[in-house]
Amino acid sequence: MTLVLMQKTGETDILVDSTNVTPHEALGWRRARIGISADGQSLIIPRGTYIDFVDGALKLDGVQMVSSAAELNEMNTDQDMVATVHYQITPAAVSAVSVMAAQNLSGDAQTRTSGLTDPDVPRTVTVKGSVAEITGDVVVTGTNISNAPISDTIALNGTTEVEGLVAFKTVTQVDLPAQTTTPVAQVETATVVGTVTGSGNASVVITAAGMTGSPKTKSVAVLENDTASDVAGKIRTALGLDADVIARFAVSGATDKVILTRLAPAANDATLNISVDNGTCTGLTTAGTSANTTAGVPPDTVSMGVGKKFSIPHIIANTTLLQEKIFDGSDDNGTLALDADELEKNLFSLDGTPDGEKVLDLYYLV
């Protein structure tokens, strides 16, 4: 890790990782510069520190910090020269869909680059499947807190929400696996029974979850001596002209059958039913319950949200450098995950519950 001291008028000097310099410069920060005193006898280092050539000593605001140049050479700068950093964010509540709403999988792997929303603050992302059997890897691509490109591969685990290992500032692409289960459109079959002995209307009732007007009653004109096949054909014609029915189903069938097939695979609707009975006609045998010929199987879907692990804008050497962790004004029992090489894996795992209003303050040494 390489640290760069940066300054900004009216602000306290800060140390940032070298990979994070450019974003700070865009906010008006500048690299601090080493200077030479007016008498040419001291090398002046920002933050009130200077090396005195005459005494051969390191001084801070005029106070000698080491007794000699030899002692200066022996200093462990990782431990003896540190600065406190204050990092503050107000994270939104965790959500399983805030980055990507549920996306249907298909027979082939697919790539999504649209319909993605960046996390509110740099944080880990989560993936969640819609069915217990769902498997495969979701590969997330984006940038870390320093705008460097990163990726994370997260294995799906059925309907369990799985959290990744790196923090994303932006999400630019999501690669989804092929479906695990095969979606199936539900099929319902009614059988007309009897022969019309008196002209009038047959009463047909269609019940379907989500269908406008459900349960929907249709009066279908029939004639004396119409057979079951004749009546079924007239019912098929009537249903094929009903806007609410054909918005969800394809109408088909032959002989004495009336068949409704869902236009798109979806979860099986146990309430789906086609009943046929006499209305003002006579002669039909009541067929109050239709057959669930084929159960519906919905397509696999995957959604993406955000977790409770938040990026730290520095690579931290060890956990002892985290001095204070305050959430909503009180100490938090969260923990650190550290990585010596990858900035996006330096994470604070929050113990509290974020809601978009509670503030998280981290104070640590770098």
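Trainee: How many helices and how many strands make up the secondary structure of the protein chain?

Mentor: We are looking at a predicted model, so its features are read from predicted coordinates. In that model, the secondary structure of the protein chain comes to five helices and 31 strands.

Trainee: Does the span of helix H4 agree or disagree with what its 13 residues should give, and what is the distance between its end C-alpha atoms?

Mentor: Helix H4 covers residues 228–240, and at 1.5 Å a residue its 13 residues should span 18 Å.

Trainee: Is Asn-225 buried or exposed, and at what relative accessibility?

Mentor: Asn-225 sits in the loop between E20 and H4, and although it is not a glycine, its phi is positive, at about 75°. A residue counts as exposed when its relative accessible area is over 50%. Asn-225 therefore counts as exposed, with a relative accessibility of 57%.

Trainee: Which residue does a cis peptide bond join to Ser-214?

Mentor: The residue in question belongs to the loop between strand E19 (200–207) and strand E20 (216–222). The omega of this cis peptide bond is about -5°, and the partner that the bond joins to Ser-214 is Pro-215.

Trainee: Where is Thr-255 placed?

Mentor: Thr-255 is a residue other than glycine, yet its phi has a positive value near 50°. Its place is in the loop between strand E21 (249–252) and strand E22 (257–262).

Key:
Residues numbered from 1 in each chain as written. Predicted model: local features only at pLDDT ≥ 70, side-chain atom pairs only at ≥ 80, totals over all residues. Heavy atoms only, no water. Helix = DSSP H or I, 4+ residues; strand = E, 2+ residues; numbered from the N terminus. Expected span 1.5 Å × (residues − 1). Buried < 20%, exposed > 50% of the residue type's maximum accessible area, 1.4 Å probe, protein only.
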